[in-house]
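Please read it alongside the sequence and the structure shown here.

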Amino acid sequence: MTAGPSADGGAPRVVALAGGVGAARFLAGLARVVDPERITVVGNTGDDLDFYGVHVSPDLDIVTYTLAGRVDREKGYGLAGDSFHAVEALGALGHPTWFRLGDRDLATCLHRSLRLREGAGLAAITDEVRRTYRVAVRILPMSEAPCPTYVLLRGGRRVHFEEYLARDGAPDEVEAVDLAAARAASAAPGVIEAIRAADVILVCPSNPVVSIGPIIAVRGVREAIAAARAPVVAVSPIIGGAPVKGPADRLLRGIGVEVSARGVAGFYRDWVRGYVMDLRDAAQRADVEALGLAVRVTDTVMRNADAAANLASEALQLASDLTRVGSPPSGGERNHGLGGERGHELGGERNHELRG
């Protein structure tokens, strides 16, 4: 761990914005180099949806299961060794079963649903789940309000992101992404306070459009980040012109953002001060620095736990460097990326944007 001590005299407090498999693997590495009890994850809930009568929070559960060491490592989500008797029985009864929810995973989601019906908030429920799985890292939903992310496709189709991804196979037909629900929502209890108290803010190597975009769209989050004293460092999810996993390329391309480390840096440039990118993209370093970002080039492929920990250390070192030299002020006249009243203004002539 390279960042300096916190203002409270303890180890640095790290806030990580996260969603998806890549984020979960990065967080597992981060928890090896930072005291886990000093880490707060703000997780995307734009993917949340009801399946089989229960409330599923895919990104919150992926992070929880991964940090607990219980995730299905081959898939990157779900629980290792889980059975699928309930889904198979539902299929036999004629229900669509394109969302494959394992039996023990179903129990997590049933607990969440029962507690929601009792009046508990999603933040408290998420904390219950992570404690049950003995996860020391604090995990917060970005909001307790419904924040569904919708993908707009050619031909006028509008589908929930999980339908786009899991049911339809993420077709390369994206014209826009609708984050209106997130933009209308308030942050969950603890989110703004954690950002304000952070010594480092990390943006995990998540899908910029549908994992990080919804978090930043929630009311007050971007403003809290801009006002925070902590340096903000993002890890590029694009390596050699493609994502390691998932449909980030189709979504970025659909809203008119170049599918590259440079493209994502431009997407984030309004509110991020440091950027970690892969060795294979080193030729783009000068372009990213020209955007006003401090850059660290390293191996960002998380092949194993050691590689994930090394990547987390590199991000923290860049944050430490920014702390020593002083981060440039947030905002100003830079008006690209996740900014402006419409929330997301990048894309040139295509101007499809992330709509609200």
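Both phenylalanine 267 and tyrosine 268 are buried. The model is predicted, and in it there are 8 aromatic pairs.

**Aromatic rings**

- The rings of phenylalanine 51 and tryptophan 98 have their centres 5.4 Å apart and their planes at 85°, and because planes over 60 degrees apart count as edge-to-face, this pair is edge-to-face.
- This pair links distant parts of the chain, with phenylalanine 51 in strand S3 (residues 49-51) and tryptophan 98 in the loop between helix H3 (85-92) and H4, 47 residues apart.
- Phenylalanine 51 is buried at 7% relative accessibility, whereas tryptophan 98, at 27%, counts as partly exposed.
- The rings of phenylalanine 267 and tyrosine 268 form a tilted pair, with their centres 6.2 Å apart and their planes at 35°.
- Phe51, Tyr52, Trp98 and Phe99 are linked into a cluster by ring pairs.

**Packing of H4 and H5**

- Helix H4 (residues 103-117) packs with helix H5 (residues 122-132) at an angle of about 145°, their axes being 10 Å apart, and H4 passes H5 in a right-handed crossing.
- On the H4 side the contact is made by Thr108, His111, Arg112, Arg115 and Leu116, and on the H5 side by Leu122, Ile125, Glu128 and Val129.
- Sorted by class, this contact of H4 with H5 has 4 nonpolar, 2 polar and 3 charged residues.

**Cysteines**

- The structure holds 0 disulfides.
- Cysteine 147 is buried, with a relative accessible area of 2%, and cysteine 204 also counts as buried, at 0% relative accessibility.

How values were computed
Residues numbered from 1 in each chain as written. Predicted model: local features only at pLDDT ≥ 70, side-chain atom pairs only at ≥ 80, totals over all residues. Heavy atoms only, no water. Axes fitted to C-alpha atoms, helices over the stretch in contact; angles between N-to-C directions. Helix = DSSP H or I, 4+ residues; strand = E, 2+ residues; numbered from the N terminus. Left-handed = near helix turned anticlockwise from the far one by under 90°. Contact = heavy atoms within 4.5 Å. Nonpolar A, V, L, I, M, F, W, Y, C, P; charged D, E, K, R; others polar. Disulfide = S-S within 2.5 Å. Buried < 20%, exposed > 50% of the residue type's maximum accessible area, 1.4 Å probe, protein only. Phe/Tyr/Trp six-rings, centres within 6.5 Å; stacked < 30°, edge-to-face > 60°.
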